[in-house]
Amino acid sequence: MGADSRREGRRRRAASVSLAFAFASLALTITPHTAEAEESSRAPDLVFVGDPNLGMEGTVRTLMSTGRLLRRYEELLPSVPGDDAGTRFIRGFGAGLRLLFLDFPFAEVETTVIHEVAGHGARGREFGKSPSFSFKLPSLYRALFSPGDEERSFARRRDAVVRSGDATTGSVLGGVESDYLTAHWTNLQMVASGGQLHAIDSLVYVASKISYLSDYVGTNLAEPGEDSGNDLTAYVDELSNRWNRFRPADRRALAKRLQTAYVWNLVDPALAWAWWSTFVETLGRGRRVSTAPLPTIAGYTTYLGPRFALSPFGAEHYLDAFASPAPRVDDANDANDARSSPARWVANAYVRVGSSGLATYVGAGMKVLDVPVARNVRLGGELDVFRQPVLDWSARAYYDRPDTFGANGAAYASLTLTRGVSVTGKLGYKSTGFVMGLPLGDGPHGYLGFALTP
Amino acid sequence: MSRAARAIVAAACIGGGAIVAANNVACETLDSPCDVAAERVLAEASGAASVGVFAASPERAVLFFVRDVPPDAGDESVIAIFRKIEVVVLDAAGERTTATESFALPDRLAARQGNTEAIGVAWRRGRALFHWVEKTVATDPSGHTTVTAQLYAQVKSTSGNQGPLVAPTDAHCIDCTIAADAVGLDDEDLVTYLLLDPTASNAPSVGGLGAADAAPTGRPGAFALRADGAIAARSVPLVLGPFTTVPRFDVVDGRLLAVSTTTILPVDSALRATGAALPRPNAEDTRVRFPNDDALLAWSSPADAGTRSGGDAVFQRLAAADGRPLSRIERASATRYVVAVGVSGERVGVLHRAPESLFSVATFDGTKIGDDVLVAAEPSATDERLVATDGGQFRQIAVEGNRVVTREIRCGR
């Protein structure tokens, strides 16, 4: 009986695997391929940068670019010409398969790698750890190939957890922070490209924004974290411990407040567009690149959107304003030769305010990227100012802390070496404090690398 | 400082790459509320392998059981390696007084070679009460073996004089175990004991004093000795109720306490309750002080947050008269074990281990002041006390091996 069961299980698994391969192959074969470009004609540069600690922002940008580079495989896929009903059906069917078997897993892998390597990893490296990671198959393929794997986590990490005052909280929230940072840079790139968003970028955006959604909206957030792999429960633990909210009722109130604050993350027009783009533009119309209907004001593409973040002091609510020169008509005519598109600067200004009730933490800042100042030179800069409780790595059980003022300033620069290839980098200095994606401690920060114009 | 001045300092600090605590107007990271001075040796016992504990006494004193070689875990002849008591007397502020007393063992105790249990000492200035249990094994002609236990007590003076050997007839039993504890008071010494029948050891443990509805599993008794060592004529009523462990005596802030695993009971010299029975939320490390007419309890509580190991150092104020809570349970820190608590003015100081020795200070209402201060990175103390000194300052007094050391904890905020 037992042997029969096992044989039956193996047969089913083999059938599942065969079916998965068949669908994936089919997806690759009959992928809908219209005349529309597979990559945004106004796509931002692919940026590959690094710094000694492989900090969060640089690693996020590099991994986002790596994802964009790897998905160029789709340019090799055959198209299905024709406009009859049968062809349209095949296109739609292919779009569904592609979304299910390729796009979703691709976006999941990219988001998971960013979460671990650029999030927890960056915070760990900042505080002297040497984290290493192992990743599981994407959910769909795990369900097919490892149906007995009941573990919820997508990855495992070693030597990434920091146990040192506020650095512990930074380490715990680093993963989610990198997710939200990915979403923020996607917004920057979307505005810079006049609203264009690739199908996989849409999925990465959604995945980044709804990271830990089930925990945010679930009822167990206030329960003691039995599963130490759950970042959000661990974050509530850290907050309750760090701010001396040790009673169960305090913890429940803290969790409830965080859940309420999370609504800010979801009332995001870009998130709504990413969903629309996935299910209507990509799945329904077979488009790989969609253009968000961003307002154009006085010749500038603009966008006003919310940003959500977790900080060592609790939830943060940002209001972001973006602007970039709107694409001209002749840019559209050059859509098939993206290299001829002029570099387009983008500006972002924000204000942020905390809502945890644990402390007063507010800030504001702005960022300008890719301003052409000479034939081969583009510059940018950023400035952040904030007021928040003192961060400290050695203080133990320091609950009631004074507030501090802090600031960050940095310059971006890109020097075009040859057609399509630039040296790019960032150099800045900040005081101790939390600014999304930047080191927690004080001192110089930045990265150096190269950029490829697609 | 004016807002403009703060802004200038803030700008200067940011410009210099430092942070600024605008409220404190400092360019450094967090200021610790206290600093700990280097340890200072108050006294040293003569035997290199001596072990010390704080005496249960109205005066602050450390009892050293003077040994020349470390005790061997497999060696039952403890008397052979424990040859005398040395007492270091400290004043109220924790400084050593000139008095250091030494007491040789009673002759009978010194002569014992094995089969001696429950050795204890109660000290009062100029005299030490030794108590111990002797076991005698007898085999009748049929081969049946019986073990007879008898509690003895004898007072020794610093001059070497010893009082009469006291062996209460009630403190005697066959095939049983006797546990005892004693405390030295001004005019007399108190001894409590408990005769435990091993065959009744499966009875449910009620664990505390005054559990009236619990079946006694041991036969308790108590007696008093006069200052000259003779047994006092008056009886000691022992109204503490049935219990399974002998209550341990302690004297805290002038109050004589009978302490069981679950209860702290203020008593008088007749072992009558003089105040409310206070709970001991943690049987391992509940500490108590009596600031004003209140009681302050501190203990370690397992953390509610499941992802955190260890627990919390918490404290609560109670009315000493009726045990009514006067505050919520407040947390001083995250920790594993609370060592001592002290009260200086409106400040509560808690010594704890996590596992390093740390000091936390908070207000009565639970507002933690600053962070934890490291007292010792690798603590080796076998017993510690926290003494409040003037102006909200504290002093740790620790028994470390054969030494008594102190560390000043100066709190400036």
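Author: Let's start with a hairpin: five residues link E4(B) to E5(B). This is a predicted model, where local features need pLDDT of at least 70, side-chain atom pairs count only at pLDDT 80 or more, and totals for chains, interfaces and linings use all residues. Residues are numbered from 1 along each chain as its sequence is written, chains are lettered from A and ligands numbered from 1 in the order in which they are written, and side-chain values use heavy atoms, with hydrogens and water left out.

Reader: What makes something a strand here?

Author: A strand is a DSSP run of type E with at least two residues, while a helix is a run of H or I with at least four; both are numbered from the N terminus. Chain A has twelve helices and 14 strands by that count.

Reader: How do you know that E4(B) and E5(B) are joined, and by how many bridges?

Author: Two strands pair if DSSP finds at least two bridges between them. E4(B) and E5(B) share four bridges and run antiparallel, so they count as a pair. Within that pair, Phe54(B) sits opposite Val62(B) of E5(B).

Reader: Which strands make up the open sheet of four in chain B?

Author: The order is E4-E5-E6-E7 in chain B, with antiparallel pairing. Strand E4 (51–54) and strand E7 (96–104) of chain B each have a single partner strand, so each has one side without a neighbour in the sheet, and that puts them at the edges. On average, neighbouring strands of this sheet are turned by 20° against each other, direction ignored; the axes are lines fitted to C-alpha atoms (for helices, over the stretch in contact), and angles run from 0 to 180 degrees between N-to-C directions.

Reader: How many bridges do E5(B) and E6(B) pair over?

Author: Seven, in the antiparallel sense. Ala61(B) has Val89(B) of E6(B) as its bridge partner. Further along, strand E6 (residues 84–90) of chain B pairs with E7(B) over six bridges, again antiparallel, and Val87(B) is partnered by Glu101(B) in E7(B).

Reader: Why is strand E5 of chain B called mostly covered?

Author: Buried means under 20% relative accessible area, exposed means over 50%, and partly exposed is in between (1.4 Å probe, protein chains only). In E5(B), residues 60–66, six of the seven residues are buried.

Reader: What makes E12 and E14 of chain B edge strands?

Author: They belong to an open, antiparallel sheet of three strands in the order E12-E13-E14 (chain B). Strand E12 (177–184) and strand E14 (218–226) of chain B each pair on one side only. Neighbouring strands of that sheet are turned by 15° on average, direction ignored. Eight bridges connect E12(B) with strand E13 (residues 188–196) of chain B, and the two run antiparallel. Asp181(B) is found opposite Thr192(B) in E13(B).

Reader: How do you know that the span of helix H9 of chain A agrees with what it should be?

Author: The expected span is 1.5 Å times one less than the number of residues. Helix H9 (residues 248–261) of chain A has 14 residues and should therefore span 20 Å; its end C-alpha atoms are 20 Å apart, which agrees.

Reader: Which residues of H9(A) are buried?

Author: They are Asp250(A), Arg251(A), Leu254(A), Ala255(A), Leu258(A) and Ala261(A). Down the helix axis they fall within an arc of 130°, so they line one face of H9(A); the arc is that of the directions from the helix axis to the C-beta atoms. In general, an α-helix has 3.6 residues a turn, so residues three or four places apart point the same way. Lys256(A) and Thr260(A) are exposed, on the face of H9(A) turned away from its buried side.

Reader: What do the buried residues of H9(A) pack against?

Author: Among their partners in chain A are helix H8 (231–242), strand E7 (300–311) and strand E8 (314–325). Contact means heavy atoms within 4.5 Å.

Reader: What is the phi of Tyr212(A)?

Author: Tyr212(A) has a positive phi of about 65°, although it is not a glycine. Its place is the loop between helix H6 (199–209) and H7 of chain A.

Reader: Which residues does a cis peptide bond join in chain B?

Author: Ala354(B) and Pro355(B), with omega at about 0°. Pro355(B) is in the loop between strand E24 (347–353) and strand E25 (357–363) of chain B.
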